[in-house]
Amino acid sequence: MPMTFIIPVLAGKLKDQRWLGAFVGITFLLAISLFYLELWLPLAAVIMGIACGSGFGLAMMLFALRTHSGNEASTLSGLAQSVGYLLAAFGPIAFGMLYDIAGQWQSPLIVLLLLAIMLTIVGYISGKGYVTKEDNS
């Protein structure tokens, strides 16, 4: 929970959020790897919580940092969140189906590892620079 508040403040102070985007992806990679290897599971759960809170906080902040006005931010946010939540609704179903097909947890975790790699790359790319607010005076 604290990362949901810390990361946006940090992102707002930086001109370039690439390393924050990469941090989110790498944190997911670390947590999923620990789950896959069945190592230090309580620590893996804590790291996963850090990754989730950081990812959500950074995603919400990027809407504001990548637009010129509150209206643009709300439009972008609405579009991205509606698609995101639609995809998220299918995640548990797909994860469960993959477990049922494979009969073990390694297959769904490998899919999550691949998605975390993709998130690391996309997070790094999307963190490049930010749109400065236009002066309307």
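**Helices and the model**

Helices here are DSSP runs of H or I with at least four residues, numbered from the N terminus. The structure is a predicted model. Mean pLDDT for the protein chain is 83, and 93% of its residues reach 70 or more. Among the elements of the chain, α2 has the highest mean pLDDT, 90, while α1 has the lowest, 78.

**The largest pocket**

Rolling a probe the size of a water molecule over the atoms shows where empty space is left. The largest pocket has a volume of about 1400 Å³. Its lining consists of 32 residues, and those nearest the pocket centre are F28, G84, L87, A88 and L119.

Four helices each supply at least two residues of this lining: α2 (18-37), α3 (41-65), α4 (70-102) and α5 (106-126). The helix that gives the most is α4, with 10 residues. Sorted by class, the lining has 25 nonpolar and 7 polar residues, and no charged ones.

**The largest nonpolar core**

In soluble globular proteins, nonpolar side chains tend to be buried together. The largest nonpolar core in this model has 19 residues. Within this core, I7, A11, L20, F28, I32, M48 and L58 touch the most other members. Two or more core residues come from each of α1 (2-13), α2, α3 and α5. The biggest share is that of α3, with 7 residues.

Leaving aside residues up to four places away in sequence, L20 touches I7, L10, A11, L14 and L58.

Conventions. Residues are numbered from 1 along each chain as its sequence is written. This is a predicted model: local features need pLDDT of at least 70, side-chain atom pairs count only at pLDDT 80 or more; totals for chains, interfaces and linings use all residues. Side-chain values use heavy atoms; hydrogens and water are left out. On a 1 Å grid over the protein atoms alone, a cavity is a set of points where a 1.4 Å probe fits but cannot get out, and a pocket is an open set with protein on both sides within 12 Å along at least five of seven lines; lining residues have an atom within 4 Å of a point. Grid points are joined across faces, edges and corners, and a volume is the space filled by probe spheres set on the points. Ala, Val, Leu, Ile, Met, Phe, Trp, Tyr, Cys and Pro count as nonpolar, Asp, Glu, Lys and Arg as charged, and the others, Gly among them, as polar. A nonpolar core is a set of buried Ala, Val, Leu, Ile, Met, Phe, Trp, Tyr and Cys residues joined through side-chain atoms within 4.5 Å. Buried means under 20% relative accessible area, exposed over 50%, partly exposed in between (1.4 Å probe, protein chains only). Contact means heavy atoms within 4.5 Å. pLDDT is the predictor's confidence in each residue, from 0 to 100.
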